Amino acid sequence: MRLARLAASVCTLALSVTGVTVALAPASSAAGSSVYSVAPYVDMSNSQEGLLDTAITGHQLKAYTAAFVLGVGCNQIWGDTLPIGNDSFTDPLIAKAKSEGASVIISSGGASGEPLAWTCSTQSSIDAGYQAIINDYGVTQLDFDIEGAAIADTAAAARQMQAMKDLKASNPNLKFSMTLPVLTSGLTGDGVNIVKAAKNAGIKIDVLNIMAMDYYAGTGTQMGQAAVSAAKATLAQMQSVDSSYTYANLGITPMIGKNDDGSTFTLADAQTVESFAAQNSVGRLAFWAITRDQACGGSANSLPTCSQISQNSLAFTDAFVPYEGSGSGGGGTTSDFSLSLSPGSASVAQGGSATSAVSTAVTSGSAESVSLSASGAPSGVSVSFSPNSVTSGGSSTLTATVGSSVAAGSYPITVTGTATTGSHSATYTLTVTSSSGGGGGGGSLTNAGFETGSLSPWTCTGGSAVVSSPVHSGSHSLQVTPSASGTGECDQTVTLSPNKSYTLTAWVQGPYAYLGVSGGASASTWSNSTSWNQLSVPFTTGSSGTVTVFVHGWYGQSNVTADDFTLS
């Protein structure tokens with residue numbers, strides 16, 4: 001990631017790790033030290049740091065990542081060439097943020113420098129240098145951003161992991177993240193070798209944070225979906241080295257707005273990433289950078305200081321702050337897990353069957369045994385799991401078998417995972433179609449204007465319901481009700497012609513109304529309006545033709561109303 005300014009004469013201002021430093025706070029007094037699920041980066045040397053204060057005091061940001069500390073031989077400095085623990089510019093900013101209740105992660109490295117393990121070959125000096133950061137800033141989390149040629153330095157990676165092993169022994173609450181570049185296909189081979197270096201040292205990387213940006217795959221790249229693809233591929237690579245890694249050990253960091261390669265990460269992309277993180281209990285969400293989270297104004301038109309897109313100030317911060325994941329990045333000691341289904345719905349002809357992957361993840365504490373069960377299936381439908389229980393972090397296959405006499409209709413089936421610490425559930429929507437009528441072809445949405453007065457066959461979360469006011473047309477509309485920690489969502493799965501282009505439209509009103517499709521295609525859009533407005537989402541089906549249409553609101557916001565859906 002970028003660094004706004006880096007002066008040339010760094011060596012003359014470097015401070016020995018054994019020299020005198022000014023401690024800002026003892027490690028035990030770090031404010032909110034367990035809150036790190038959302039920790040966007042702040043460039044501490046680009047003259048835009050006032051946005052951090054506004055994000056904390058006015059936008060509920062609870063943690064951030066301060067960048068960057070650079071190694072210079074066996075010494076360390078901030079990127080503006082001042083020594084750590086004695087930087088008259090950066091240190092007061094960090095102290096002020098702490099006083100306002102924000103936790104800080106100190107990041108070393110970046111696009112213009114390297115962490116200490118890459119510039120110093122003396123293990124004791126590396127350990128002492130990293131310990132100095134912990135002591136000077138009272139932190140329990142360190143981040144190491146490795147880019148360029150540095151990622152191929154296997155000797156430095158080995159020193160880094162030995163340092164983390166040493167420091168974890170003397171700082172039991174210490175967690176660390178490795179921030180690495182990715183392609184949409186995952187880590188490079190050198191990135192995988194860094195994961196292997198941790199394995200060889202006998203430790204795990206608490207959060208492997210992927211830089212979901214600058215793929216140089218074309219300006220038309222869908223950056224939200226690209227980040228999701230990179231995250232899935234990266235976890236598979238991590239698990240190939242150590243099977244105990246879960247999404248709780250993964251962080252996702254896009255570059256908001258314009259990227260260096262000309263692609264654009266939009267607010268809709270932010271929603272895609274946040275939704276994926278929520279579904280999979282990702283350990284950390286971040287972005288580069290709070291100090292860019294604003295539209296360009298006046299003569300400013302550069303990537304370091306603004307997003308180069310039209311946006312409200314701190315709009316991306318607002319989009320990520322509601323995420324309440326609690327993986328390895330978040331601390332906590334009580335064991336817990338998450339449960340998700342993929343796909344979450346299916347359309348099956350009488351006499352047929354369907355499968356879904358039941359995935360679990362450790363969200364806090366340790367892995368535990370999770371027993372799987374299903375309830376709500378109609379007579380004639382059997383639901384089985386293979387295996388019937390998993391260790392959290394593992395997965396099972398659900399199979400729903402539909403008898404030939406089961407009545408056509410939509411049936412919500414509750415899938416529950418139960419452990420000693422509690423249980424979690426997810427809904428699997430099974431739509432049974434007549435075997436004589438088939439389920440393919442053009443397809444259409446059922447109850448698209450909600451004039452039946454009921455939700456069926458839509459499946460909704462929370463308090464969502466059909467209402468008689470306000471309506472766009474007819475007598476009824478859909479009211480989607482978010483909660484303090486959930487978006488609120490209504491879905492309908494439909495089978496269309498495979499590999500064909502369609503357009504989904506609907507009329508919506510309310511704050512942050514999202515419309516889209518998932519499953520066999522992925523596309524969405526949103527609006528924020530107090531009056532009715534029509535959203536339109538073009539998409540192309542995959543080989544199955546099956547997609548799930550969805551509409552949802554936003555955490556902590558008021559109701560969203562939707563009406564008159566069409567598929568054409």
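Analyst: Pro457 is found in the loop between β22 and β23 (459–460). Helices (H or I, at least four residues) and strands (E, at least two) are DSSP runs, numbered from the N terminus.

User: What kind of peptide bond joins Ser456 and Pro457?

Analyst: That bond is cis, with omega about 5°. There is also a cis bond from Ala67 to Phe68, where omega is near -5°. Phe68 lies in strand β3, residues 63–72.

User: Before I go on, what am I looking at, and how are things counted?

Analyst: This is a predicted model, so local features need pLDDT of at least 70 and side-chain atom pairs count only at pLDDT 80 or more, while totals for chains, interfaces and linings use all residues. Residues are numbered from 1 along each chain as its sequence is written, and side-chain values use heavy atoms, with hydrogens and water left out.

User: OK. Which residue has a positive phi although it is not a glycine?

Analyst: Asn499, with phi of about 55°. Asn499 is in the loop between β26 (489–495) and β27 (501–519). For background, most residues other than glycine have a negative phi, and most peptide bonds are trans.

User: Switching to the sheet: in what order do the 5 strands come?

Analyst: The order is β15-β22-β21-β17-β19, in an open sheet with mixed pairing. Two strands pair if DSSP finds at least two bridges between them. At the edges are β15 (345–349) and β19 (389–391), each pairing on one side only. On average, neighbouring strands are turned by 30° against each other, direction ignored.

User: How do β21 and β22 pair?

Analyst: They pair in the antiparallel sense, over 11 bridges, and a hairpin joins them through 2 residues. In this pairing Val415 stands opposite Ala426 in β22.

User: And what about β15 and β17?

Analyst: β15 runs parallel to β22 (residues 422–433), with 5 bridges joining them; Ser347 stands opposite Thr431 in β22. β17 (residues 369–375) pairs with β21 (residues 409–419) in the antiparallel sense, over 5 bridges. There, Leu372 has Gly417 in β21 as its bridge partner.

User: Now helices. At what angle do α7 and α8 pack?

Analyst: About 35°, with the axes of α7 (residues 189–201) and α8 (residues 223–241) 9 Å apart. Axes are lines fitted to C-alpha atoms, for helices over the stretch in contact, and angles run from 0 to 180 degrees between N-to-C directions.

User: Which residues meet there?

Analyst: From α7 you get Val192, Val195, Lys196 and Lys199, and from α8 Gln237, Met238 and Val241. Contact means heavy atoms within 4.5 Å.

User: Last topic, rings. Which residues form one aromatic cluster?

Analyst: Tyr512, Tyr514, Trp526, Trp554 and Tyr555. Rings of Phe, Tyr and Trp (its six-membered ring) pair if their centres lie within 6.5 Å, and the count comes to 16 aromatic pairs.

User: Which charged end sits over the ring of Tyr245?

Analyst: The one of Lys204, at 4.9 Å from the ring centre. A charge sits over a ring if NZ of Lys or CZ of Arg is within 6 Å of the ring centre and within 35 degrees of the ring normal.

Terms used
Rings of Phe, Tyr and Trp (its six-membered ring) pair if their centres lie within 6.5 Å; planes under 30 degrees apart count as stacked, over 60 as edge-to-face and the rest as tilted.
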